[in-house]
Amino acid sequence: MKTQRYLKIVVAFFVLICVFGVSIFSGTASVKTYKIATTTSIYDSGFLDFVTPTFEKRNNMKFNFISVGSGQAVKIFKNGDADGIIIHEKSFLNELKKEKLINGYTAFVSNYFILVGPKDKKDLFKKVKSVQEAFALIRKNNFKFVSRADNSATYIRELEIWKLAKVQPDFGGYIKSGQGMGMSLNLANEKKAFILTDEATFYKMKDKLDSLDVVYQNPSEQVLTNIYYFAYSPKKAELSKFASYLKSKEFKNLVSSFNQKFFKKEIYRIVK
């Protein structure tokens, strides 16, 4: 009798372990992974890693971010190596839409481009009235300027400003990094050079950029407005849930929490 009782206990225990194991396996298997190609600026600021975990957990999704310049992100997406894309160059998205690689895109947050440079040259820009005037001053004095030169949205905007300034970036102090926003900021800090950057990445890294400070900013200048967009492949229709999440009150609250935790002020702003 004792042997039979022990046998029943062992069998019951074995069944329990099997059921529990299957449950764990099933839960893990139900999590779907998606590759999202993203611009380095919004990734380097830590923003995406802060606002996505809540969504991922609730929807049994996992995002693997591929952080590159916007131009490279588009190439990755076009090659089918990413399911979704987050960039801040609208012309690239219009091209993807025209090619029917996306059905549309969602604008979700914005910040501003700012010009940062050596602290000891900051006073030279006090009377500057526009960002193009600031660029012209840099060119005139042959100051060091780090350009991402990587077909990113930031680089495209930089070239647009040089054009507005009616000068060419062909001077001796012009340095091409070919790197993302974070790496380029580090190079500018090392070289004590000027650089165009989004404000979020700069303020997130500011404590490590001891040579740099903001030399020019103006939220009222349209050319300095920086809007981020999300789009996804029509073959991954389930990512529409993430697009909806980016317009939710919960996401808005997370953006506010991120701003307060890392900046103590509003840096990322919700796009309505």
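Visitor: What do buried, exposed and partly exposed mean here?

Guide: Buried means under 20% relative accessible area and exposed means over 50%, with partly exposed in between (1.4 Å probe, protein chains only). K236, for example, is partly exposed, with a relative accessible area of 26%. The model is predicted, so local features need pLDDT of at least 70 and side-chain atom pairs count only at pLDDT 80 or more, while totals for chains, interfaces and linings use all residues. Residues are numbered from 1 along each chain as its sequence is written, and side-chain values use heavy atoms, with hydrogens and water left out.

Visitor: Which residue forms a salt bridge with K236?

Guide: The partner is D83, with the closest N and O atoms 3.9 Å apart. A salt bridge here is a side-chain nitrogen of Lys or Arg within 4 Å of a carboxyl oxygen of Asp or Glu.

Visitor: Where do D83 and K236 lie?

Guide: D83 is in the loop between α5 (70-78) and β3 (84-87), and K236 is in the loop between β9 (225-232) and α11 (240-245), so the pair ties together parts that are 153 residues apart in sequence. Helices (H or I, at least four residues) and strands (E, at least two) are DSSP runs, numbered from the N terminus.

Visitor: And is D83 buried or exposed?

Guide: D83 counts as buried, at 14% relative accessibility.

Visitor: How many salt bridges does the structure hold?

Guide: The structure holds 12 salt bridges. One of them joins R157 and E160 at 3.9 Å, N to O. Both residues lie in helix α8, 3 residues apart, about one turn of the helix. R157 is buried at 13% relative accessible area, whereas E160 is partly exposed at 38%.

Visitor: Which way do the β3 residues point?

Guide: G84 and I86 point one way from the strand, I85 and I87 point the other way, and all are buried.

Visitor: Now helices. At what angle do α7 and α8 cross?

Guide: The axes of α7 (residues 131-140) and α8 (residues 153-165) cross at roughly 85° and come within 8 Å. Axes are lines fitted to C-alpha atoms, for helices over the stretch in contact, and angles run from 0 to 180 degrees between N-to-C directions. The two helices are therefore roughly perpendicular (65 to 115 degrees).

Visitor: Which residues make the contact?

Guide: From α7 they are V131, Q132, F135, A136 and R139, and from α8 E158, I161, W162, L164 and A165; contact means heavy atoms within 4.5 Å. They divide into 7 nonpolar, 1 polar and 2 charged residues. Ala, Val, Leu, Ile, Met, Phe, Trp, Tyr, Cys and Pro count as nonpolar, Asp, Glu, Lys and Arg as charged, and the others, Gly among them, as polar.

Visitor: Last one: where is S152 found?

Guide: S152 is in the loop between β5 (145-147) and α8. S152 is buried, with a relative accessible area of 0%, and touches G69, S70 and G71, not counting residues up to four places away in sequence.

Notes. Angles under 35 degrees count as roughly parallel, over 145 as roughly antiparallel, 65 to 115 as roughly perpendicular and the rest as oblique.
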